[in-house]
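Welcome! Please take a moment to look over the sequence and the structure, and then read on for a short tour.

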Amino acid sequence: MNLTLRIWRQAGPDAPGSMTTYQVSGISPDMSFLEMLDTLNEELITRGDQPVAFDHDCREGICGACGMVINGRAHGPERTTTCQLHMRHFKDGDTIDVEPWRAAAFPVVKDLVVDRSAFDRIIGSGGYITAPTGSAPDAHATPVPKDTADTAFEHAECIGCGACVAACPNGSAMLFTSAKVVHLNVLPQGAPERSSRVRNMVAAMDAEGFGGCTNTGECATACPKGIPLPSIAAMNREYLRASLG
Amino acid sequence: MSSYASYTVGEPIADTKAPDGPIEQRWDQRRFDAKLVNPANRRKHTVIVVGTGLAGGAAGATLAEQGYHVVQFCFQDSPRRAHSIAAQGGINAAKNYRNDGDSVRRLFYDTVKGGDFRARESNVHRLAQVSVEIIDQCVAQGVPFAREYGGLLDTRSFGGVQVSRTFYARGQTGQQLLLGAYQALSRQIAAGNVEIHPRTEMLDLLVVDGRARGIVARDLVTGEIRTYTADAVVLASGGYGNVFYLSTNAKNSNATAIWRAHRRGAYFANPCFTQIHPTCIPRSGDHQSKLTLMSESLRNDGRIWVPKAKGDDRPPAAIPEDERDYYLERIYPSFGNLVPRDIASRAAKNVCDEGRGVGPGGQGVYLDFADAIRRLGRDAVAAKYGNLFDMYERITAEDPYRVPMRIYPAIHYTMGGLWVDYDLQTTVPGLFAIGEANFSDHGANRLGASALMQGLADGYFVLPPTLNDYLARNPLPAVPADHPAVASAEAEVGDRLNLILAVNGDRTPDSFHRELGELLWDECGMARDEAGLRRALERIPRLRDEFWRRIKVPGTGQELNQSLEKANRLVDHFELAELMCLDALHRAESCGGHFRTESQTPDGEAARRDEDYSYAAAWEFTGTGTAPVLHREALDFAYVHPTQRSYA
């Protein structure tokens, strides 16, 4: 396949950026999107140009490092991570736009690399169960109903990639935050900190400059792990409960 | 012949610091003997932890909870992305919740035997003892393990054992365990007890007066090179499988932290012990950047075969039953498709080397579910393996319900690593290595679901008390910022980066990495022999010379420069690759993942030579390209009697 790429290039956080056009040829439909960018970068380096910077690591859809807006959609046309998107979903001769996550709370570091450390600070504000090492009772001391454990797991699957924020017209981090709140708040082990957790995490989320939620649902549509949209409603309920309590 | 191959033999390692006495009591005894640091004094001690995976994340959180000041580093943008996150299957623990005869003793026995009798008994026994506490800890953190309808934890079986002791969270156990450690770490970061440095890579170890006193690290965004001092340094930087270029490791996993420590005096043990997983998705072309594992549970119902005739390129459905070779079932009738990982991998290589491999380049074998679908029905197969089938189809665009999967072995774990004593301390005082970065518990072959167990055991439970002892016993005067060792270490790091940038040649870092990886895969991969290893030892220095003539890295060192990061890691990979080949050459026996074709039984199986090689090989660095010194740690098996494995 031969493709035209229009890629956001930005030398640093304060440098102006712009879309730059590149041609790539000999792209195999079996390549992943990142392998296609590898091919471009090999050419750029050989020519002495700066390769396109992008975050990536595991390349099997679980570390959450990769993420770019492809033709206007977070992670591109398939519901998966960018590393698991394959070129067979494009056609020979296509023009593909590639941009970084766009959100005020995710400043651009370089090219397609953004700073998502706001997510870490949200987790640090309450996205944990206080259980210092060595203090745990036997694992079977507290049975957890299977459906509760399954609900916790489905929310714990979040990989922290940031697609939800990038897809949201408001740049909201509600889906990310609610996934962790629900994961921990449904479990008996998470109950003692249930109220402080949701209050603190919502406050941290707001302080980071993420937008509010207007229920457009773009986040859940873009989420490569299928975190369910009702997760946000569940967090709102938890928040209300904590505020009234 | 390369001069590198003529290594010298130094003093054997006589003392591993494990207490004497019955093996069940050694860990208790060690903890009792360990000196303690008064809680009020702990905050005066700074401990550096490099890496935030299962071992590093667990260690950082635990040390901070105990009151130490922790300064922690990861090259990823967030500590949550360490490669432990990608582990699929599960974590072993001797809970015996199934009442199926499991015990600490049995987990200990299985691990020593699975490692083909090349691990240290004291360490393995401790690992088995600690395993039960790990599950308790993780449940308390909210790790959503799979559960039964009664609300209790579910377990499953894994290769090489006959009990059901593997706890799991669907196919994402590593992710869930890592998030548990990451959340505990995040709590300590928010509390100000851990100072976290993401996107910062360790490039050297600071040694002052013979002790590890800090690291030199580069800020990957600004390029700033800075020294961080501490009272002790803990390396939790993972394994070195990426030296092969194509592996199941994350793209940025690398050996630089452990290799730089090795250059500063830490012995490197058993570098040739690498594990090759039999069921990975084959490469689809030269563009391939990494390999993806498919869970080995698939071998429960899939049948592995290749055409009987060489070069038979008909589609699989067109090959009649009597022209197929179900080679594992033929060669190993009693274990069939469920032989251990090393055996299955080597058999696949053999049929491909014979020219009977399938798919692009002939580097693949079929894993066929047609019989299982006929026997159980499509729905039953989908219920068991649906998510894996979907993943396979997403990557290959082939439907495994209709066309057999194609699989091929790939590098995915390294048993070797920095040599550590019973306290997990390296040969540099004050430098500790935990998780995959050390060599300690898996011998020559790791059992499935034991990597997660070891990483968390080291980080949560083993390191904290032994590190305590080191800090309590040793006077550690502050290292002044103007100490000459600081300036020289920083200068060395800066000089190396500048040298790389100055070459301005015509070849990319990846092109060298691919070439090195192919060479290692061919000569130091699934089967090794003397001639091939000697070839590799001649070619690696030539490739290294070519690197220093032709490497091309655009940009500068004062910015985010991913090509520079790659090239810099590659410099260490060249030296490590050389040591791996030397280690493989010197160990003229087969054991676990290390198969020397000269040392096999009449049936073609691995033949250990206990009388000559029942030791861990700990190598001392002497200089780039100059022969290292071998220190042997004799292995004593007082509890598990070494036997030859048989699966026919």
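## A pair of helices

In this predicted model, H5(A) and H6(A) are roughly antiparallel to each other, because angles over 145 degrees count as such and the two helices pack at an angle of about 170°. Helix H5 covers residues 174-185 of chain A and helix H6 residues 194-207 of chain A, with their axes 10 Å apart.

Which residues make this contact? From H5(A) come A:Thr177, A:Lys180, A:Val181, A:Leu184 and A:Asn185. H6(A) brings A:Arg194, A:Arg197, A:Val198, A:Met201, A:Val202 and A:Met205. By class, the contact of H5(A) with H6(A) holds six nonpolar, two polar and three charged residues.

## Two domains in chain A

Stepping back, chain A is divided into domain 1 (3-109) and domain 2 (116-132 + 139-244). Taken over C-alpha atoms, the centres of these two domains of chain A are separated by 28 Å.

Where the domains meet, 17 residues of domain 1 of chain A are in contact with 16 residues of domain 2 of chain A. The domain 1 side of this meeting has nine nonpolar, six polar and two charged residues.

## Where chain A meets chain B

Now for the partner chain: 65 residues of chain A are in contact with 61 residues of chain B. On the chain A side, the elements that give two or more residues are helix H1 (33-47), strand S6 (108-110), helix H2 (117-124), helix H3 (146-156) and H5. H1(A) supplies the largest share, seven residues.

What classes of residue does chain A bring to chain B? This side of chain A has 29 nonpolar, 20 polar and 16 charged residues.

Conventions:
Residues numbered from 1 in each chain as written. Chains lettered and ligands numbered in written order. Predicted model: local features only at pLDDT ≥ 70, side-chain atom pairs only at ≥ 80, totals over all residues. Axes fitted to C-alpha atoms, helices over the stretch in contact; angles between N-to-C directions. Helix = DSSP H or I, 4+ residues; strand = E, 2+ residues; numbered from the N terminus. Parallel < 35°, antiparallel > 145°, perpendicular 65-115°, else oblique. Contact = placed C-beta atoms within 7 Å. Nonpolar A, V, L, I, M, F, W, Y, C, P; charged D, E, K, R; others polar. Domains from an automatic or database assignment.
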